[in-house]
Amino acid sequence: MANITVIGLGAMGSRMAMNLLKAGHVLTVWNRTPAAANQLLSAGAKIASTPRAAVTNADVVLSMVRDDDASRSVWLDANTGALAGMQPHAVAIESSTLTPGWIKSLAEEMKHCHQAFVEAPVSGSRPQADSATLVWFAGGEEKNIEEIRPILMQMGSAVYHTGSHGSAALTKLATNALMGVQVTAIAEIIGILNSEGADVARILSAISGTSCWSPLAGGISGLMINENYTPQFPAELIEKDFGYLLQSAESQNSTPTLSGARTVFRRAMNEGLGADNMSGVVRLFRKKY
């Protein structure tokens, strides 16, 4: 049992925190909107007023926030940042989906403060977070990763050491980009099938028997056919991740497929679909909205 702090209680962070409570850890949480912590408070967590106050007694500190700016604020804010309040023995974990450049900068800040640091973004969405089957990509020193591996496995099913700091961010962004490309391709195919008056489900079932079909294709096409756009991975977040990955590209001309897929998600956001699940982009290609 460890004293663990979770910073950021969105759709993923709140579920990860609940699994840590179920595993028997002493949990302290912080969220920009305190009401998000009510369920965890009822389950036994402590709520802190700032990230710095949240980490005072922590052995492990895990951050799960939206973007680079939010990460920078919760760790390094001059008045409330967590890094300045951490115990020397504690391990810092950044699990948000961020740019490799920011992760490398944060790693330098951690090193300057003699704080052990692991970047550990996850592959998986709300169902995997609920069932503690997330896949972890871990970047940093192997000894630090091995120290926290048992805790990560209480929230997930696998931990992959991807290399030095920044490598896990790249792995996560590449994973999401590959997913996003498949989502947009399937949405466009469904749009074409609809325009031809075809039996979409029957044709996709036939395609699923070929080597080109993936588990993702099966899941996302089912959501599209059933018009299920309940948020699991919102379109606006995958668009953000495309943008982060493309910062590492030489130019937009060098990434025509990725840039094209990002454009689809941007269009969805412009059409008011950004908060819907990524499956909602299929509505851009159907005759009827």
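The largest pocket is lined by 47 residues, and Met 12, Gln 232, Phe 233, Pro 234 and Leu 237 lie nearest its centre. A pocket here is an open set of points on a 1 Å grid over the protein atoms alone, where a 1.4 Å probe fits, with protein on both sides within 12 Å along at least five of seven lines; lining residues have an atom within 4 Å of a point. The model is predicted: local features need pLDDT of at least 70, side-chain atom pairs count only at pLDDT 80 or more, and totals for chains, interfaces and linings use all residues. Residues are numbered from 1 along each chain as its sequence is written, and side-chain values use heavy atoms, without hydrogens and water.

Several elements give two or more residues to the lining of the largest pocket, among them helix 1 (11–22), helix 8 and helix 11 (235–246). Helix 10 gives the largest share, five residues. Helices (H or I, at least four residues) and strands (E, at least two) are DSSP runs, numbered from the N terminus.

The second largest pocket is lined by residues including Ala 107, Glu 108, His 114 and Lys 143. Helix 5 supplies the most, four residues. Strand 6 (116–119) and helix 7 (142–153) each supply at least two.

| Pocket | Volume | Lining by class |
|---|---|---|
| Largest | About 1200 Å³ | 22 nonpolar, 18 polar, seven charged |

Volume is the space filled by probe spheres set on the points, with grid points joined across faces, edges and corners. Ala, Val, Leu, Ile, Met, Phe, Trp, Tyr, Cys and Pro count as nonpolar, Asp, Glu, Lys and Arg as charged, and the others, Gly among them, as polar.

**Helix 8 and its partners**

The axes of helix 8 (residues 167–195) and helix 10 (residues 215–225) come within 10 Å and cross at roughly 45°. Axes are lines fitted to C-alpha atoms, for helices over the stretch in contact, and angles run from 0 to 180 degrees between N-to-C directions. The two helices are therefore oblique to each other. Angles under 35 degrees count as roughly parallel, over 145 as roughly antiparallel, 65 to 115 as roughly perpendicular and the rest as oblique.

Helix 8 also packs with helix 11, at about 125° and with axes 9 Å apart. This pair is therefore oblique. Contact (heavy atoms within 4.5 Å) involves residues including Leu 170 and Met 179 of helix 8 and Phe 242 of helix 11. By class, the contact of helix 8 with helix 11 has ten nonpolar, two polar and one charged residues.
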